[in-house]
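Please keep the sequence and the structure in view while reading.

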Amino acid sequence: MSLTPPRRYWLTGASSGIGAALAVELLNSGAHVALSSRTKGPLEALAHRYPGQVLVVPGDLTNSQTVREIGEHIGVVWGSLDTVILNAGTCEYVDARQFDASIVEHVVRTNLLASSYCIEAALPLLRKGHTPHLVGVASAVTYLPMPRAEAYGASKAGLRYLFESLRISLSPENIDVTVISPGFVDTPLTERNDFPMPLSWSADKAARHIFAKLDKRPLEIAFPAMFIATLWPLSKLPNRAQLIIGKRMLRSPPPHKDDL
Ligand SMILES: NC(=O)c1ccc[n+]([C@@H]2O[C@H](COP(=O)([O-])OP(=O)(O)OC[C@H]3O[C@@H](n4cnc5c(N)ncnc54)[C@H](OP(=O)(O)O)[C@@H]3O)[C@@H](O)[C@H]2O)c1
């Protein structure tokens with residue numbers, strides 16, 4: 001009788017929010033999971049709670065050398081990966097009256113460039129894996145241009161294109177690619193939001209939903225359904241109609257630096 005070996009995952013952004021909740025879902029299923037984030041404590045706590053199932057691979061993923069070393073370490077210990085979930089990310093809003101390119105740089109570095117470093121490190125391991133699956137956490141923000149989301153939306157639109165393009169290029173190698181598009185989820189990232197978050201889900205609910213869908217390898221996992229059902233059709237409207245909707249979301253801007 002042959003036992004199927006546990007699936008091996010690499011999950012980034014596992015120290016809090018959606019990633020931490022998803023780590024628990026994966027570990028409860030018996031999977032082996034390599035966990036990354038800059039903060040080590042929560043990853044070590046999971047390693048303690050699920051002995052023998054966790055590989056703690058912490059580090060700043062915006063550092064390409066660090067990511068290379070994480071990939072090498074996973075390669076030495078496991079030799080391969082079956083699923084890679086690139087979830088680590090950040091969000092900062094832009095004030096167009098004092099446009100600060102460093103915000104764009106930081107957000108794009110974290111959400112897009114770091115993900116590309118992870119892909120470079122992960123692909124050789126996925127090629128040796130069992131029914132390989134590459135998963136990226138984008139955002140429903142990419143369906144519609146929203147005020148103040150210039151940096152975040154650009155980074156996630158870039159990430160979406162990166163994954164959707166890779167999906168085609170990797171298809172001859174049978175590496176499946178899934179994009180996750182959450183609406184609002186209550187996490188430390190969105191705690192800072194000073195606007196209403198309609199139909200928001202808890203991180204646990206989001207993680208359960210993602211985990212339940214992952215097995216079927218859909219092209220996209222978008223949720224909550226009601227939120228997506230409202231937002232997605234807006235993405236098909238002409239640009240001028242989208243501009244009118246976007247203007248409705250404009251709020252009185254914070255005071256200009258010179259006014260203070
Ligand atoms: N919450 C939402 O409503 C929502 C909606 C759409 C999409 N998303 C996306 O979902 C993903 C998870 O977000 P979340 O809401 O769960 O936020 P979160 O609780 O802030 O989690 C973000 C995770 O990313 C890690 N991370 C950030 N920068 C990193 C870096 N330079 N190197 C390594 N790890 C880094 C953080 O760990 P450390 O700080 O310890 O490094 C943390 O584990 C993000 O990609 C986010 O854009 C969230």
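A polar contact is a pair of N or O atoms within 3.5 Å; within protein, one atom must be able to donate a hydrogen and the other to accept it, and residues adjacent in sequence count only if both atoms are side-chain atoms. The model is a predicted one: local features need pLDDT of at least 70 and side-chain atom pairs count only at pLDDT 80 or more, while totals for chains, interfaces and linings use all residues. Residues are numbered from 1 along each chain as its sequence is written, and side-chain values use heavy atoms, with hydrogens and water left out.

A backbone N or O atom of Ile18 is 2.8 Å from an oxygen atom of the ligand. A polar backbone atom of Gly17 lies 3.4 Å from a ligand oxygen, and an N or O atom in the side chain of Ser16 lies 2.7 Å from one. Alone, the ligand would expose 870 Å², and the protein buries 93% of that; these accessible areas come from the Shrake-Rupley method with a 1.4 Å probe, and for residues only the protein chains shown count as cover.

The shell around the ligand draws two or more residues each from α1 (17-28), α5 (150-170) and α6 (188-191). Helices here are DSSP runs of H or I with at least four residues, strands are runs of E with at least two, and both are numbered from the N terminus. Which element gives the most to this shell? It is α6, with three residues. In total 30 residues surround the ligand, and the closest are Ser16, Arg38, Thr39, Tyr152 and Thr187; a residue is taken as near the ligand if one of its heavy atoms lies within 4 Å of it.

At its start, a side-chain oxygen of Asn63 comes to within 2.9 Å of the backbone nitrogen of Gln65. The helix covers residues 64-77, and its 14 residues should span 20 Å at 1.5 Å a residue, which agrees with the 20 Å between its end C-alpha atoms. The expected span is 1.5 Å times one less than the number of residues. After α3 comes Gly79, with a positive phi near 85°.

Which residues of α3 are buried? They are Val67, Ile70, Gly71 and Ile74. Seen down the helix axis, the buried residues of α3 fall within an arc of 95°, so they line one face of the helix; the arc is that of the directions from the helix axis to the C-beta atoms. An α-helix has 3.6 residues a turn, so residues three or four places apart point the same way. The face of α3 turned away from the buried side carries the exposed residues Glu72 and Val76. Buried means under 20% relative accessible area, exposed over 50%, and partly exposed in between, with a 1.4 Å probe and protein chains only. The buried residues of α3 pack against β1 (8-12), β2 (32-36), β3 (54-56) and α4 (101-127).

Three further residues give views of the interior. Thr83 lies in strand β4 (residues 83-86) and counts as buried because its relative accessibility is 2%. Its side chain makes a polar contact of 3.0 Å with that of Arg7. Leaving aside neighbours within four places in sequence, Thr83 is in contact (heavy atoms within 4.5 Å) with residues including Arg7, Tyr9, Trp10 and Val135. Asn87, in the loop between β4 and α4, counts as buried at 11% relative accessibility. With neighbours within four places in sequence again left out, Asn87 is in contact with Leu11, Thr12, Gly13, Ile18, Gly19 and Val137. Leu170, in helix α5, counts as buried at 3% relative accessibility. By the same rule on sequence neighbours, Leu170 is in contact with Leu123, Arg127, Leu134, Ile175 and Val177.

Some backbone details remain. Arg148, in the loop between β5 (133-137) and α5, has a positive phi of about 75° although it is not a glycine; at 27% relative accessibility, Arg148 counts as partly exposed. Asn174, in the loop between α5 and β6 (176-182), also has a positive phi, near 60°, and counts as exposed at 58% relative accessibility. The peptide bond from Phe223 to Pro224 is cis, with omega near -10°, and Pro224 is found in the loop between β9 (220-223) and α8 (225-234).
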